[in-house]
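Colleague: I'd like to learn how to read a model like this one. Could you walk me through it?

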Amino acid sequence: MGVLAVQGDVREHLRALEESGARAIGVRRPDELAQVDGLVLPGGESTTIDKLLRAFELQAPLRERIAEGLPVYGSCAGMILLADRVLDATGDQQTLGGLDVTVRRNAFGRQVDSFETELFVHGVDGGAMHAVFIRAPWVEAVGPEVEVLATVPEGPAAGRVVAVQQGPLLATSFHPEVTGDHRIHRHFVTQTLRG
Ligand code: GLN
């Protein structure tokens, strides 16, 4: 498995993948991308990651692998990068796309920049999960092929969609790599190895 390693909390995702039973490498170059069977797009700043993807000539090969069915898990900024449509995008911000959703950047911003809650993720056993949101997007609209896996249970953002899956593409608004609960990574690794 790979973790896109141009910006963001790469190390935590590498550890979570390793602890979920996968071999994991950082991906910075097209030849590293070619070696992986699944990829994590970490949180960070989606506009910066977009610029670096273009500068490192990773955007085109990544779009190609996604179109071929590469399993990809995007967290926070990674969710934005997987989205086909972005609200409140900056400048000429581009995404990789593949996930038929509309996300809103910094969506929780006006109420609270960052917050934590307990939520249930469909298809992930073991009860509620502690979810950490950091200047996170939410999903504002989903296409017919997209399965909603989690919503915010309570508070001002109650009902907002924060985890989705479409075939091999998985995305969460929150950051499971910071809590030590690796169930999302395990779910992704299991699904990738099965596929
Ligand atoms: N606000 C960031 C963005 O728009 C995402 C924040 C994060 O990944 N923690 O890219």
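Colleague: Leaving aside neighbours within four places in sequence, which residues is His-175 in contact with?

Modeller: First, the ground rules. This is a predicted model, where local features need pLDDT of at least 70, side-chain atom pairs count only at pLDDT 80 or more, and totals for chains, interfaces and linings use all residues. Residues are numbered from 1 along each chain as its sequence is written. Two residues are in contact if their C-beta atoms, placed from the backbone, lie within 7 Å. By that rule, and with those sequence neighbours left out, His-175 touches Gly-43, Ser-75, Cys-76, Val-132 and Ile-134.

Colleague: Is His-175 buried or exposed?

Modeller: Burial is a count: buried takes 20 or more other C-beta atoms within 10 Å of the residue's own, exposed 12 or fewer, and partly exposed lies in between, with C-beta atoms placed from the backbone. His-175 counts as buried because it has 24 C-beta neighbours inside 10 Å. Its place is the loop between strand S12 (169-172) and helix H6 (183-194); helices (H or I, at least four residues) and strands (E, at least two) are DSSP runs, numbered from the N terminus.

Colleague: Which residues does the UniProt annotation "active site" cover?

Modeller: UniProt positions are given in the numbering used here, feature names are shortened, and annotations may be inferred rather than shown by experiment. Here the unreviewed UniProt entry lists Cys-76, His-175 and Glu-177 as "active site". They are spread over 102 residues of sequence, yet they cluster in space, with a largest C-alpha distance of 11.2 Å. Cys-76 sits in the loop between strand S4 (72-75) and H5, and it is buried because 27 C-beta neighbours lie inside 10 Å.

Colleague: Which residues are around the ligand?

Modeller: A residue is near a molecule if its C-beta atom, placed from the backbone, lies within 6 Å of it. Around the ligand these include Gly-43, Cys-76, Arg-105, Asn-106, Ile-134 and Arg-135. Asn-106 has a phi near 45°, a positive value in a residue other than glycine, and Arg-135 also has a phi near 45°. Asn-106 is in the loop between strand S6 (99-104) and strand S7 (114-119), while Arg-135 is in the loop between strand S8 (129-134) and strand S9 (138-142).

Colleague: Why does Asn-106 count as partly exposed?

Modeller: Asn-106 is partly exposed because 16 other C-beta atoms lie within 10 Å. Arg-135 is partly exposed with 16 such atoms as well.
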